[in-house]
Amino acid sequence: MVEPVGNHYVIARPVYSENAFNEEHEKLHRYHKTFWDHLKLYFSCSPQRVKKIALNLFPVISWLPAYRFREWVLSDIVSGINTGLVAVLQGLAFALLVNVPPSYGLYAAFFPVLVYFIFGTSRHISVGPFPVLSLMVGGVVTRLVPDDSIGNGNSTNISAINDERVMVAASVTFLSGIVQLLLGIFRFGFIVIYLSQSLISGFTTAAAIHVLVSQLKFMFQLPVPGFNKPFGIIYTLESIFSQITETNVADLVTSLVVLLIVFVVKEMNDRYKEKLPTPIPIELLVTVLAALVSHFVNFEEKFNVAVVGKLEEGFQTPVAPDVGILQNCIGDGISIAIVGFAVAFSVAKVYSIKHDYPLDGNQELIAFGLGNIVGGSFKGFASSTALSRSGVQESTGGKTQIAGIISSVIVLVVILAIGFLLAPLQKSVLASLALGNLKGMLMQFKEVGILWRKDKYDCVIWVVTFLSAVFLGLDIGLATAVAFQLLTVVIRSQIPSCTVLANVGRSNIYRNRKDYTDIYEPEGVKIFRCSSPIFFANIEFFREKLITAVGFNPLRVLRKRNKALRKIRKMLKKGELRVTPVCLICMANPMYESDEELDNNKIEELDQPTIMTDLPIRINWSTDLPPGITVPQVNIHSIILDFSSVSFLDFSAVTVLRKTLKEFVRLNIDVYIAGAHEGLLDKLERSAFFDEEIKPSMFFLTIHDAVLHILLKNDIASSPKLKLSEEKGRSNDNVIIPRNRQRSSECTV
């Protein structure tokens, strides 16, 4: 019964062990589904299940009929036009990162949007090229079709090399789509949880550095080969600075001017976004202006600048991926699939929380997988979502993926009709536009200081991820970062927080004894808490901390006691000891034995429980023993293990824990476990944890239940009256330890 008294509460209930609680309160039997049950359910077929699968697989069926045409259509059209213009320019710019002709970036900005409209669950992200993924695909392209394969550089050879590179980009994109599709079908959407926010931030920042370095060759117009290997960024910078005197000044000046304008206007968009009805489309304005200036001034002939050139008109014929290429880029395909999904899902999650609608990670994998499969078939490259482009779609009023369809129409118009107008555009302008979109990622450097103050482990993960991705490459760097992140989890769980608890305020609250002054510690009782799962990697640490907390090694004491009993029996047999009602008197000169004899003389027998039934007197280990016999003193009679934070025990931990508890029990120390959840108890039963020494009665609901049980047990042992009353009935617990209590045998219950 619970009675509130002001801001206090008083509880009157029995002291419960797990067994006593289950005896008094009937427990419902719940059937837990097995793996085969889940498998049968997954492959079951019924009209309701078919409908549910159809709605989940095609989310457009759910939201399109409920579309508020009059309220939303105008906002979606305006948003779609703005997003489409940005998508065109980013598609052209990010194609340079992939090392393929710019027109293929338009395919990557078109097909995935159509697929995502049908299969995607986010209403606000803009699907298409993303600089990090583009750079990862470009790394594969450079590795399989290196720059030195161009040879003499004639137009025929360059065209053949470009075709080969397009095929590599399309094949690795197709492979990443297959990986994402399979992950979605087999419900592996949770895989994104292994990429923490710190890891993603450090990785995308490193990718921004790679993007910056990769675009320098277009800004300086230098023939820099690709170095897709560890420390490739160092080799790239070395190649650039070794040719710095050959820089095309016109391209460099154009790049710097465009970059300055883009940064200034984007800063204005951010600062005055509340006042502006729509962000200033600076990329579009700069592109149109640069194309016009380049056309009328004829930069290509006068200053020998590199231009986009004639764009492919219409669509390419769908192609099957090259099997040979697929075999050489399996690891890259997996990395691209995971990174693309992680970035897109994290952005989509932000908008789903902001606008309050559900997001399905598994369906997102299927949507992006199909998008990359279709895009790769039409010679596009890997897609995800660009942060800036999604921001434009959402900030300009986009309500649904209708805005995405409108943006794809804009891209379609450029592909079919007006792409030729971009032919005189300098590649250095596209490079500057690509760099202009990196501001958000480069500003993530500020997170290092914040993370150091909040969580040093996350800060170290950020720094290690950044450095490994910058110097080892994005693929190896990502694998290194994930491995390091999992290592930090192992380290943190391998060295868990273990504390000795005490009662605070004479109530039912137990906290670290070092943190409070008003504490009460029952005499002879140690309360030990482990705030972590216990498994093979930290069970020895747990045991060492427990031994430190109690102040002695139970196995050592047990062996000392058995050794002492063996010696006492030998001395009694020889008549060297005389038994008195009070103690044993030595009748001969004592003989001391070394620790080496203790540890090596039938050591298996020394680990067994102490047996005194054959002795004429019961040995009291706390009193003086015969000369020559020394046994460490044990000043506790009970240990309480708080397992409320222990979520699981593996078999290795169960084995060591059972052995450790047996050692304490054989020293006549009562061991209790409090707060263990039911799954843990079931696991212990299945693991044959219990026997004659380790019994289920040692488990209690709470620490306070165990403490009061110990105090009551000691009071009964020392008072015949209490012992008689205990036999008549069961007492209640008022959860308050009286302040006037002097000894542990004077508890009020």
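Reader: How many disulfides does the structure hold?

Author: The structure holds zero disulfides, a disulfide being a pair of cysteine sulfur atoms within 2.5 Å. This is a predicted model, in which local features need pLDDT of at least 70 and side-chain atom pairs count only at pLDDT 80 or more, while totals for chains, interfaces and linings use all residues. Residues are numbered from 1 along each chain as its sequence is written, and side-chain values use heavy atoms, with hydrogens and water left out.

Reader: Turning to helices, at what angle do H9 and H11 pack?

Author: Helix H9 (residues 197-220) and helix H11 (residues 249-271) pack at about 125°, and their axes are 7 Å apart. H9 is therefore oblique to H11. Angles under 35 degrees count as roughly parallel, over 145 as roughly antiparallel, 65 to 115 as roughly perpendicular, and the rest as oblique. Axes are lines fitted to C-alpha atoms, for helices over the stretch in contact, and angles run from 0 to 180 degrees between N-to-C directions. Helices (H or I, at least four residues) and strands (E, at least two) are DSSP runs, numbered from the N terminus.

Reader: Which residues make that contact?

Author: H9 contributes Phe-218, Met-219 and Phe-220, and H11 contributes Asp-251, Leu-252, Ser-255 and Leu-256. Contact means heavy atoms within 4.5 Å.

Reader: How many residues of H6 are buried?

Author: In H6, 15 of the 17 residues are buried, and the helix is mostly covered.

Reader: Where is Gln-485, and what does Gln-485 touch?

Author: Gln-485 is in helix H23 (residues 474-494) and is buried, with a relative accessible area of 8%. Leaving aside residues up to four places away in sequence, Gln-485 touches Tyr-194, Leu-195, Ser-196, Leu-199 and Ile-461.

Reader: Which strand does Asp-670 lie in?

Author: Asp-670 lies in strand E13 (residues 670-674) and is partly exposed, at 27% relative accessible area. Not counting residues up to four places away in sequence, Asp-670 touches His-637, Ser-638, Ile-639 and Lys-713. The C-alpha atoms of Asp-670 and Ala-481 are separated by 46 Å, with the two residues 189 residues apart along the chain.

Key
Buried < 20%, exposed > 50% of the residue type's maximum accessible area, 1.4 Å probe, protein only.
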